[in-house]
Amino acid sequence: MKQLILKDIDDLVIGSLGIVAFIAFFVGGVVTIQTALNIDNPLIPKYLVGFATRQSIVLEFAPTFISIIMAGKVGSFITSSIGTMRVTEQIDALEVMGINSLNYLVFPKFIALMLYPFVISIAMFLGILGGMAACVYGGFSSLEDYIVGIQTDFIPFHITYAFIKTFVFAFILATIPSFHGYYMKGGALEVGKASTTSFVWTSVVIILLNYLLTQMLLS
């Protein structure tokens, strides 16, 4: 079981860091540029660019947007790997050997995705860093103004809120794709269909829960 958990951590968490880092850095830059262009008014202080970038990335982009991307990458991987085992009757073989196949296949993925907040914290950091690079090199405001904006009116609970969402989304990323993979029927074609269906439902549930959690925690 220990080897399974370590393998899933490598596949699901460490294997996702590259794409998450790339997307977070450049989307952070885009958020900053769009904010700076939309508040291009001499009466509005320049530090608001940093403030708006921080709020956008910490509250919404890092926890929710990255989770939807991960639903495509991690969710499809989980569904296809378990679904392929179902199609090739490896799951039936595990049952015959007296192994609890559901526990054997799904539990390590669930434990591995408990490290998912680590991925989101990197996305937050790189998003703000990307925003800073775009802001300074694009000439939208100075580094000092951007840092002042990041520090302005900081509410520590916003970080807590983001990580509560992240843990809930990690649970969704582990369970819905596993369900679609484990209970699928058919052949290789159905594995592809199950992967698509799991991505759609995981994304829908993440967006709905995002709305409900925001309503409950921030209102």
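Reader: In what order do the elements of the protein run from the N terminus on?
Author: They run α-α-α-α-α-α-α-α-α. Keep in mind that this is a predicted model. The protein has 9 helices and 0 strands, and its C-alpha atoms fill a box of roughly 70 × 30 × 30 Å along the principal axes.

Reader: Why is Lys109 called buried?
Author: Buried means under 20% relative accessible area. Lys109 has 8% relative accessibility, which is under that cut-off, so Lys109 counts as buried. Lys109 is found in helix 5. Leaving out residues up to four places away in sequence, Lys109 touches Asp8, Leu12, Ile78, Ser81, Ile82, Ala174 and Ser178. Across the protein, buried residues make up 41% of the 219 residues.

Reader: What makes Leu217 partly exposed?
Author: The label lies in between buried, under 20%, and exposed, over 50%. Leu217 has a relative accessible area of 26%, so Leu217 is partly exposed. This residue is found in helix 9, residues 188-218.

Reader: How do you know that Leu217 is in contact with residues other than its neighbours in sequence?
Author: Contact means heavy atoms within 4.5 Å. With neighbours within four places left aside, Leu217 is in contact with Phe157, Tyr161 and Ile164. Leu217 and His158 are 59 residues apart in sequence, and their C-alpha atoms are 9.4 Å apart in space. For the protein, residues 24 or more positions apart account for 85% of the contacts with a separation of 6 or more.

Reader: Are Glu89 and Asp153 buried or exposed, and why?
Author: The cut-off for exposed is over 50%. Glu89 has a relative accessible area of 52%, so Glu89 is exposed. Asp153, at 59% relative accessibility, therefore counts as exposed too. Glu89 sits in the loop between helix 3 and helix 4, while Asp153 is found in the loop between helix 7 and helix 8. Neither is a glycine, and each has a positive phi: about 65° for Glu89 and near 50° for Asp153.

Reader: Which residues touch the most other members of the largest nonpolar core?
Author: Ile66, Leu113 and Tyr116 do, out of the 44 residues in this core. Helix 3 gives the largest share, 12 residues. Not counting residues up to four places away in sequence, Ile66 touches Val20, Ile23, Phe61, Tyr116, Ile120 and Ala123.

Reader: What makes up the lining of the largest pocket, by class?
Author: The lining has 6 nonpolar, 1 polar and 4 charged residues.

Reader: Which residues does the "transmembrane region" annotation cover?
Author: In the unreviewed UniProt entry, the annotation covers residues 12-37, 57-78, 110-139, 159-179 and 199-218. In the model, residues 12-37 are 88% helix and 0% strand, with end C-alpha atoms 37 Å apart. Residues 110-139 are 83% helix and 0% strand, and their end C-alpha atoms lie 44 Å apart.

Key: Residues numbered from 1 in each chain as written. Predicted model: local features only at pLDDT ≥ 70, side-chain atom pairs only at ≥ 80, totals over all residues. Heavy atoms only, no water. Core = buried A, V, L, I, M, F, W, Y, C linked by side-chain atoms within 4.5 Å. Buried < 20%, exposed > 50% of the residue type's maximum accessible area, 1.4 Å probe, protein only. Helix = DSSP H or I, 4+ residues; strand = E, 2+ residues; numbered from the N terminus. UniProt positions renumbered as here; feature names shortened; annotations may be inferred. Nonpolar A, V, L, I, M, F, W, Y, C, P; charged D, E, K, R; others polar.
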